[in-house]
Amino acid sequence: MDIFVTGATGYIGGTVAAKLIAAGHKVTGLARDDDRAELLRDRGITPVVGTLDDLDILDSAAHAADAVVNAANADNPFAARVLVDALRGSGKRYVQTSGTSIVSDNAGGQGGGTVFTEDTPLNALPEKAGRIATDRMILDAANDGVHSIIICPCLIYGQGLGVRPHSPQIPTFIALAKASGAPRRIGVGENIWSHVHIEDCADAYLLALDRAPAGSFFYVEGGEASMLDVNRAIGRMLGLGEATETFPFDEALRAWGPAMAHAMSSNVRVNADKARAVLGWDPRGPALFDDIENGSYRVYR
Ligand SMILES: NC(=O)c1ccc[n+]([C@@H]2O[C@H](COP(=O)([O-])OP(=O)(O)OC[C@H]3O[C@@H](n4cnc5c(N)ncnc54)[C@H](OP(=O)(O)O)[C@@H]3O)[C@@H](O)[C@H]2O)c1
């Protein structure tokens, strides 16, 4: 298939694109400028130069493709709408990237939280309402001739296969630990995040393109851990020991901004049994703690 991927220079989109090419597909990727276009060409991806605001470019690239993967921004309804509109009535596959912060609880580092399946009703915080409405629009397009699918990843870790090697969450905690001389978690750090290795996450996209029913939504996770335990692993990797210190929420807000500070102190717990059962998805990537201590995160020491 000829597949148009937005976010092709990014962490998720770059890894999905690399796996699509390895599986024998042709990939066209959105690139914001000529330099990024060159990076895509180097990876066997045909670039389309434009941004998510260039709706005419998105429209024609989606029309020209056999399928579309939107992995640029889960919170851009305008781009998502033009991409899905381009496919209306065609029966073509459209995969939207959402994100599990739709279940976040702003717990301030306290543990607990609900483990969400696709059937658990959402009680979203206001800041996530737009993402949920965008997801709804995409699922509804299945009634209008679009084979629409949503992949909803949790905290993604590990070495990506594209231009961008890592997602910022764990490198941000590593940088904080290095600057502080000790690993630090927000509040007591007992809040739990589900996590998934980037290659497993990308595999879910490929399986979804192949097997997911129209109008289906999938959480993807390969395990879960508290931020306290994530930071203990960071301490071991840096040779700082396992004793963690508190990073007060106000300080996190000032240093990281509200989105990151709230996210990293929330419980965000999901269950991906549906992806395992319906897609035959079988996550096998290196375990999170092993990847921090002995794997791809050692470059940040
Ligand atoms: N990483 C995670 O753990 C995770 C988990 C769940 C959901 N998500 C969501 O998934 C989406 C992608 O995440 P990611 O980790 O792959 O992010 P990323 O590495 O920052 O990649 C984003 C990609 O989208 C492109 N992009 C962003 N804004 C654009 C615009 N206005 N016009 C054209 N291209 C644009 C970026 O281009 P440039 O290379 O030019 O910047 C890049 O290729 C985000 O919405 C994120 O919230 C991420």
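Of the 24 residues around the ligand, the ones that come nearest are Gly7, Gly10, Thr51, Ala72 and Gly99; a residue counts as near a molecule or strand if its C-beta atom, placed from the backbone, lies within 6 Å of it. This is a predicted model, so to speak of local features takes pLDDT of at least 70 and side-chain atom pairs count only at pLDDT 80 or more, while totals for chains, interfaces and linings use all residues. Residues are numbered from 1 along each chain as its sequence is written.

By class, the shell around the ligand splits into 11 nonpolar, 9 polar and 4 charged residues (Ala, Val, Leu, Ile, Met, Phe, Trp, Tyr, Cys and Pro are nonpolar, Asp, Glu, Lys and Arg charged, the others, Gly among them, polar). Helix H1 (11–22) and strand E8 each supply at least two shell residues, with H1 giving the largest share, 3 residues. Helices (H or I, at least four residues) and strands (E, at least two) are DSSP runs numbered from the N terminus.

E8 also belongs to an open sheet of 3 strands, ordered E8-E10-E12 with mixed pairing; two strands pair if DSSP finds at least two bridges between them. The edges are E8 (155–157) and E12 (223–226), each pairing on one side only. Neighbouring strands are turned by 45° against each other on average, direction ignored; axes are lines fitted to C-alpha atoms, for helices over the stretch in contact, and angles run from 0 to 180 degrees between N-to-C directions.

E8 and E10 (residues 192–197) run parallel, joined by 3 bridges, and isoleucine 156 sits opposite valine 196 in E10. Helix H8 (residues 227–238) packs on the sheet, touching E10 and E12, and its direction makes about 85° with that of E12; contact here takes C-beta atoms, placed from the backbone, within 7 Å.

How values were computed:
Contact = placed C-beta atoms within 7 Å.
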